[in-house]
Amino acid sequence: MRACQHQIRQNQAANLEEGDSNLDQLSEPSDTFKARLVQFSYTPDVSPRVVKMPPRTRKGFAAAAAQAETLSGTEEQLPVNRSDLEASTASTTPATTASSQLETSNATTKRKRAIPSNDSTTPKKPRLPTTSSTKAVTPENNLKDSLREGLILVSIGLNPGIMTGKLGHAYSHPTNRYWPTLHASGITPILHKPPETHTLMDLYGLGHTNIITTIASVDASSLKTQDYMTGAAALDAKIRHFKPQAVAIVGKGIWEEWFRYKRGRKFNAKKDGFEYGWQDPSLWIGRKEDGDDAWEGAKTFVTTTTSGASTAHTKEQRVAIWKPLGDWFAPKRDEWMMHKKA
């Protein structure tokens, strides 16, 4: 019995010694174990990674994305040149590259479709007439002079307007104040209308003409200096031929053109002076001082314009300027009318 217990104690002591030796072996690891620890040790990479980006195209961006996906699961060094990058991309992401090429082709097709076609079959907008072609059209001019020998008074306008030239009646535009002013100033006893233009010669000895008779226009902007000079010469000859007792120039602008024709220079209001009404005998229209056909000329009266576009005078001012002409004409008109009745 004692022998058995002694044997057990010896075995326990032996086990304890064996355990101490095993602990010593654990405290001093072997070379193999150190090698395994080195494999799992962390060493930071202090060298910068240089990545050469592909061209900025759809294909290049797709390749960069594929490269990023490939690098997400590996610690290998990135390729540093374009040939290596393209080879790596082609070997790792063939499906992505094919997809990017298809997208690039589709985008190119869309851009081509957006370019407008220059095909000759495309309908073009009709061209509007140019200003020069519009001005080349000569307006219709059917207005004739109301002139004959022995008239008392002849009114002188600028040139026929568009409506006047078409209808053939003096001062036909409804905004013109010529006919109401004739009546308001006492020149005509009643209010007449444009279609009665030529009848006034028989009724009152009242005629009408223009300084420019051959050109119809909207306004004076299209008239040239030569038009005025040619017209003034023709007017002078006509008045000298028919010899009316007086003429009424309807508008200061017409008077200035007549002055330039007679004096050979432009009218200067400060130097030459101007007042509406009867003018100096040296400037009477039709005047000829020498020769067998010498004539003193027709008494010349300058009135305001009657154009509806003019705002220089009120109705009262306009009638007041015309009134002296009406006072001179009315007695002669009544005598004319009595003579006609007889």
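Me: Which residues does Ile285 touch, not counting residues up to four places away in sequence?

Reply: In soluble globular proteins, nonpolar side chains tend to be buried together. In this predicted model, Ile285 touches Ile156, Leu235, Asp236, Ile239, Val247 and Ile249, and also Trp258, Trp295, Gly297, Ala298 and Thr300, when residues up to four places away in sequence are not counted.

Me: Which residues of the largest nonpolar core touch the most other members?

Reply: That core has 25 residues, and Ile285 is among those that touch the most other members, together with Ile239, Val247, Ile249 and Trp255. At least two residues of this core come from each of E1, H10, E3 and H11. H10 gives the most, with 5 residues. There is also a second, separate core of 20 residues, which includes Ile152, Ala170, Tyr204 and Leu206.

Me: In what order do the strands of the sheet lie?

Reply: The sheet is open and has 5 strands, in the order E2-E1-E3-E5-E4, with mixed pairing. Strand E2 (206-210) and strand E4 (277-278) are the edge strands, each pairing on one side only. E3 pairs with strand E5 (residues 299-303) in the parallel sense over 5 bridges.

Me: Where does H13 bend, and which of its residues are buried?

Reply: An α-helix has 3.6 residues a turn, so residues three or four places apart point the same way. The buried residues of H13 include Arg318, Val319, Ile321, Trp322, Leu325, Trp328, Phe329, Arg333 and Trp336. H13 bends by about 35 degrees at Trp322, and a proline, Pro324, follows within four residues.

Me: Which residues other than glycine have a positive phi here?

Reply: Most residues other than glycine have a negative phi. Two cases to examine are Tyr171, with a positive phi of about 55 degrees, and Lys243, with a positive phi near 50 degrees. Tyr171 lies in the loop between helix H7 (162-167) and helix H8 (178-184), whereas Lys243 is found in the loop between helix H10 (225-242) and strand E3 (246-250).

Me: Are Tyr171 and Lys243 buried or partly exposed?

Reply: Tyr171 counts as buried because its relative accessibility is 13%, under the 20% limit. Lys243 counts as partly exposed because its value is 41%.

Me: Which residues is Thr164 in contact with, leaving aside its neighbours within four places in sequence?

Reply: Thr164 is in helix H7 and is buried, with a relative accessible area of 9%. Its contacts beyond those neighbours are Leu143, His169, Ala170, Tyr171, Ser172 and His173.

Me: Finally, over which residues does pLDDT stay under 50?

Reply: The mean pLDDT of the chain is 78, and 60% of its residues reach 70 or more. Values stay under 50 over residues 25-29, for which the model has 1 contact beyond four places in sequence. They also stay under 50 over residues 74-80, with 10 such contacts.

How values were computed. Residues are numbered from 1 along each chain as its sequence is written. This is a predicted model: local features need pLDDT of at least 70, side-chain atom pairs count only at pLDDT 80 or more; totals for chains, interfaces and linings use all residues. Side-chain values use heavy atoms; hydrogens and water are left out. pLDDT is the predictor's confidence in each residue, from 0 to 100. Contact means heavy atoms within 4.5 Å. Buried means under 20% relative accessible area, exposed over 50%, partly exposed in between (1.4 Å probe, protein chains only). Two strands pair if DSSP finds at least two bridges between them. A nonpolar core is a set of buried Ala, Val, Leu, Ile, Met, Phe, Trp, Tyr and Cys residues joined through side-chain atoms within 4.5 Å. The bend at a residue is the angle between axes fitted to the seven residues ending there and the seven starting there.
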